[in-house]
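Subject: The structure I promised you

Hi,

Here is the structure I said I'd pass on. Have it open while you read, and I'll walk you through what turned up.

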Amino acid sequence: MSGNIKLLSDTLAAAKAEGRSALIAYLPAGFPTVDGGIEAAKAVFDGGADVVEIGLPHSDPVLDGPVIQTADDIALRGGVKIADVMRTVREAHEATGKPVLVMTYWNPIDRYGIERFTAELAEAGGAGCILPDLPVQESATWREHADKHGLATVFVVAPSSKDARLAEITAAGSGFVYAASLMGVTGTRESVGEQAQDLVRRTQATTGLPVCVGLGVSNAEQAAEVARFADGVIVGSAFVKLLLSADGDLAAGLAGVRALAGELAAGVRTRS
């Protein structure tokens with residue numbers, strides 16, 4: 001069975017054709033529970049997200065700030081497994097028909113087996129993987145299996161990346177490019193800043209792939225700001241924070257993330 005890289009590409013292209021950025025939401029699998037995480041993914045789609053990234057919880061999430069680290073810890077203590085990640089992808093995609101990716105550090109895939117992971121992700125209807133810590137020069141085997149199974153390989157670029165390095169990364173990637181808006185970890189911030197705009201401009205000069213910005217966007221105003229120059233706006237910590245603050249009241253948490261997705265979806269259509 002082939003994965004859904006084409007669905008991902010078509011979704012991003014459709015947003016561009018509408019003259020707007022795509023809204024990409026991030027949520028960890030298994031948080032607050034496996035079933036709750038599946039419902040949260042459906043809720044952000046219902047609110048207006050175009051794409052959802054499902055995080056594979058990790059004990060040492062070097063790119064993630066305290067909010068997502070807390071959620072990952074809850075999921076890991078709840079016993080989340082890769083099978084639960086695949087189930088989350090499957091049920092979120094089947095319920096909505098929209099593209100779902102997995103965001104994961106490399107070590108869990110390496111332990112699980114590349115062929116096994118890519119085959120199962122494609123079978124679940126996944127669109128691909130975001131791999132923040134897999135060096136491009138060590139990615140050939142992964143990309144071979146991902147291509148075989150119709151999965152996107154999304155690499156992360158940062159403001160510190162030199163132009164030659166950007167070209168190397170974007171040439172190897174597929175689906176879209178994840179542009180980290182600043183140096184540091186995930187989390188909400190007061191301003192996304194000019195660094196992000198410069199990084200997007202430099203990245204777009206090397207590739208025809210959509211360039212989507214993450215790290216720091218948490219409200220409609222910031223989404224509109226980023227939508228002026230990026231092909232997609234990625235939001236994670238703000239959704240996770242709402243689920244954490246619901247303090248076990250899943251219905252309230254789901255209502256919160258659905259509402260925030262609606263506000264952000266309006267924001268990416270504003271382009272202030």
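Start with β6, helix α8 (residues 163-172) and β7, which together make a right-handed β-α-β unit. Before you go further, keep in mind that this is a predicted model. The mean pLDDT of the protein is 92, and 93% of its residues reach 70 or more. One stretch to treat with care is residues 183-190, where the pLDDT is below 50. Beyond near neighbours in sequence, that stretch has 31 contacts in the model.

Strand β6 (residues 156-157) and β7 are parallel and share 2 bridges. If you want to find the pairing on screen, look for V156, whose bridge partner in β7 is Y178. On its way along the sheet, β7 also pairs with strand β8 (residues 211-214), again in the parallel sense, over 4 bridges. There, A179 has V213 in β8 as its bridge partner.

Which way do the side chains of β7 point? In a regular strand the side chains alternate between the two faces of the sheet. Strand β7 (residues 177-180) shows this: V177 and A179 point one way, Y178 and A180 point the other way, and all are buried.

Leaving out residues up to four places away in sequence, Y178 touches E53, M103, I130, V154, F155, V156, V157, C212, G214, L215 and I234. Y178 also belongs to the largest nonpolar core, which has 93 residues. Together with V44, F117, W142, F176 and F239, Y178 is among the residues that touch the most other members of that core.

What is the order of its strands? The sheet is open, has 9 strands with parallel pairing, and runs β5-β4-β3-β2-β1-β9-β8-β7-β6. β5 (152-154) and β6 stand at the edges with a single partner strand each, so one side of each has no neighbour in the sheet. At the β5 end, the partner is strand β4 (residues 128-130), which runs parallel to β5 and is joined to it by 3 bridges.

Strand β1 (residues 22-28) has 7 of its 7 residues buried, so the rest of the structure largely encloses it. Both of its faces are covered, with A22, I24, Y26 and P28 on one side and L23, A25 and L27 on the other. β1 runs parallel to β9, and 4 bridges join the two; A22 stands opposite G232 in β9. β1 is also parallel to strand β2 (residues 51-55), this time over 5 bridges, and A25 stands opposite V52 in β2. To get from β1 to β2, the chain passes through helix α2 (residues 34-47), and this β-α-β crossover is right-handed.

A couple of helices are worth a stop too. Helix α10 (residues 220-227) is mostly covered, with 6 of its 8 residues buried. Those are A220, Q222, A223, A224, V226 and A227. What do they pack against? Their neighbours are β8, β9 (232-235) and α12 (250-268). At the start of α10, a side-chain oxygen of N219 comes to within 3.1 Å of the backbone nitrogen of E221.

R202 sits in helix α9 (residues 194-204), and E94 sits in helix α4 (residues 82-96). Is each one buried or exposed? R202 has a relative accessible area of 13%, under the 20% cut-off, so it is buried. E94 has a relative accessibility of 61%, over the 50% cut-off, so it is exposed. The side chain of R202 reaches the backbone oxygen of S161 at 2.8 Å. Leaving out residues up to four places away in sequence, R202 touches A158, P159, S161, K162, D163 and L166.

Cheers

Conventions. Residues numbered from 1 in each chain as written. Predicted model: local features only at pLDDT ≥ 70, side-chain atom pairs only at ≥ 80, totals over all residues. Heavy atoms only, no water. Buried < 20%, exposed > 50% of the residue type's maximum accessible area, 1.4 Å probe, protein only. Pairing = 2+ DSSP bridges. Right-handed = clockwise from strand over helix to strand, strands pointing away. Contact = heavy atoms within 4.5 Å. Polar contact = N/O pair within 3.5 Å; in protein donor to acceptor, adjacent residues only side chain to side chain. pLDDT = per-residue confidence, 0-100. Core = buried A, V, L, I, M, F, W, Y, C linked by side-chain atoms within 4.5 Å.
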